[in-house]
Amino acid sequence: MLEFKNVSTHYGPIQALHDVNIKVEQGEIVSLIGANGAGKTTLLMTLCGDPRASSGQVLFEGQDITQKKTHEIMRGDIAVVPEGRRIFSRLTVEENLRMGAFFATSEQADERIEEMYELFPRLRERISQRAGTMSGGEQQMLAIGRALMSEPRLLLLDEPSLGLAPIIIQQIFDIVASLRDRGMTIFLVEQNANQALRLADRGYVLENGRIVLEDSGDALLTNEDVRKAYLGG
Amino acid sequence: MSSSALKNALISSITFLILAGWMLGVRMEASSQGIQLSLASAKSLQWLYIGVAAVFFSQLFHQAIFGRFKKKPGDASSGFKLSFKLPTMESNPKGFRLMVSFVLAALIIWPFLVTRGSVDLATLALIYIMLGLGLNVVVGLAGLLDLGYVGFYAVGAYSYALLSEQGLGFWTCLPIAGGLAALFGLILGFPVLRLRGDYLAIVTLGFGEIIRLLLNNLTHLTGGPNGISGIAKPTFFGLEFNRKVKDGGWDTMHNFFGYDYSSTHKVIFLYLMAVLLVAITLFVINRLLRMPIGRAWEALREDEIACRSLGLNPTVIKLSAFTIGAGFAGFAGSFFAARQGFISPESFTFIESAIILAIVVLGGMGSQLGVVFAAIIMTVLPELAREFNEYRMLMFGLMMVFMMIWRPQGLLPMNRPHLELKEAS
């Protein structure tokens, strides 16, 4: 469904990604783990077209999206939950969700909002509350809900566990798993390697802008190098 | 009363003495040796002492006086609480319509009961309301700090002035002037809108000045510093409010309806037109706010990256806000030109932009009712305080300081429903 072919990305003269190859198939959860500054977010941003890849190709369903503009890419079947949630804090929960369905008709948006409230009952309780006044976990749910409002087929998650308590992280990952069960394809970028790999069908390890390992999630969890570097021995 | 209150009071009064002393305490006198400083007259010194005393005691007893009104947490009954809710279109459509009709009726009857001067002042306030509402879209909603807004106001005014010289009527020119101002907004906005925050503010400031300088120097078109005079007044379906037909209408109002001529009628007519234009402005902007584009403006103000991640094109959204805001400035400008009958670049200096921006900030960014309220205050107060004309800027500054202390969100901040806790059952 999604494929990175020898993608390199530069920030000015600095190369952040070196010939990255990644594949995400329909219906699976793929996790990308790596340390701070390894290039995880850059990789996701390259997929979104900002910054653009300096060489190589990003393919979505066989179509080359490398040179497309960000808003053109994001308007299609891809949705992203950005790092740090980035909800519209002074807008209400419902307004936030509606922004996610900007290009849908208002009837479609109403329908999808109802679906989101079923998926996240907590959000229904907060329907007309300013989003910025909610707890971190609720904001993360909102960010995911907002991304789902465009009915994407591929969902990109950038560090959904950032700054959340372990019990909330577990809830968020349960939601991600339930989304996969509904047939959503998910590409998860995480520092929380343990959780991310347990959930994943397959995983990649990124180090200094290079993919150094690629295996099934379970295999990576037991891999000696990964255990040492990311799972605390 | 603690020692900290005493210390605070001393510091405040000394600060006051230093600041006010320069203005009230000393006097410059020309003598044979040049300019000499001397102590001011006994009367102004007296005022200075009264001021110092007032600052000292108000600081000293501040806690004792104001602490009483402060609400203690969890104690809703103590202190006074002012809470009223205006009906809105959603919550109470019937009440809302009733309120709107009452307000409109009052606005229409009012000018017939008061003096000509008040009506004239109200018309000016209405122009500023229109400008404030337009700039509110750009600054308050889309979060783009535009310091050159007066440029679009000028474009609107000159469009009408020049077109009416060609024999076009006000009502034909109004949409054209609005359209032209919007076009200017679009053209100027395109290169500018990739900038953010301070940079955007500086560049828009520059554009505002460029437009004014162009008007000043394109002498053959705009008359340069002399401006354009004798601009035709608006007509009522071709009926003029002058004593004799001179603005290209087919008859005069008093002749057609057979009543005695009075110059007050023209002022009232202009006022009613301004009411109509403001009503239209409010209606259109409210409609826009309810549409996805209105939400997109606010979302863009909150987080541009998140907007892009949702597939929105920030440039298009910013441009739409900029263009629509400029369009309303154009309407206001053409009405201004029609009302004054004379315009020159003098009317479109940076201070105008600053006043309009102050209206938006004072009212509470994004809040329309706040803008209306602030525009009235900003036009009526200086008029009421005519005698203190020299101290106008001082009072203005004072007001801003008090605003920052007591209502940093603006007079009527934009209202969003807050969480209401339900009683535990």
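This is a predicted model: local features need pLDDT of at least 70, side-chain atom pairs count only at pLDDT 80 or more; totals for chains, interfaces and linings use all residues.
1. Extent of the interface. Chain A contributes 24 residues to the contact and chain B contributes 23 residues. The area buried between the two chains is about 2,300 Å². Carbon and sulfur atoms give 60% of that area.

2. Polar and charged pairs. Seven residue pairs are in polar contact between chain B and chain A, with both residues at pLDDT 80 or more. Three salt bridges are found across the interface of chain B and chain A. One salt bridge joins the side chains of D50(A) and R308(B), with an N to O distance of 3.1 Å.

3. Elements on the chain B side. Two helices of chain B, α12 (292–302) and α13 (304–309), each give two or more residues to the side that touches chain A. The largest share, eight residues, comes from α12(B). By class, this side of chain B holds twelve nonpolar, seven charged and four polar residues.

4. A helix pair within chain B. Helix α11 (residues 263–290) and helix α14 (residues 314–340) of chain B pack with their axes 11 Å apart, at an angle of about 175°. Because angles over 145 degrees count as roughly antiparallel, α11(B) is roughly antiparallel to α14(B).

5. Residues between these helices. From α11(B), the contact includes L270(B), M273(B), A274(B) and L277(B), among others. From α14(B), the contact is made by I324(B), F328(B), F335(B) and R339(B). The residues of the contact of α11(B) with α14(B) comprise ten nonpolar, one polar and one charged.

Conventions:
Residues are numbered from 1 along each chain as its sequence is written. Chains are lettered from A and ligands numbered from 1 in the order in which they are written. Side-chain values use heavy atoms; hydrogens and water are left out. Contact means heavy atoms within 4.5 Å. Buried area is the accessible area (1.4 Å probe) that two parts lose on being put together, summed over both. A salt bridge is a side-chain nitrogen of Lys or Arg within 4 Å of a carboxyl oxygen of Asp or Glu. A polar contact is a pair of N or O atoms within 3.5 Å; within protein, one must be able to donate a hydrogen and the other to accept it, and residues adjacent in sequence count only if both atoms are side-chain atoms. Helices (H or I, at least four residues) and strands (E, at least two) are DSSP runs, numbered from the N terminus. Ala, Val, Leu, Ile, Met, Phe, Trp, Tyr, Cys and Pro count as nonpolar, Asp, Glu, Lys and Arg as charged, and the others, Gly among them, as polar. Axes are lines fitted to C-alpha atoms, for helices over the stretch in contact, and angles run from 0 to 180 degrees between N-to-C directions. Angles under 35 degrees count as roughly parallel, over 145 as roughly antiparallel, 65 to 115 as roughly perpendicular and the rest as oblique.
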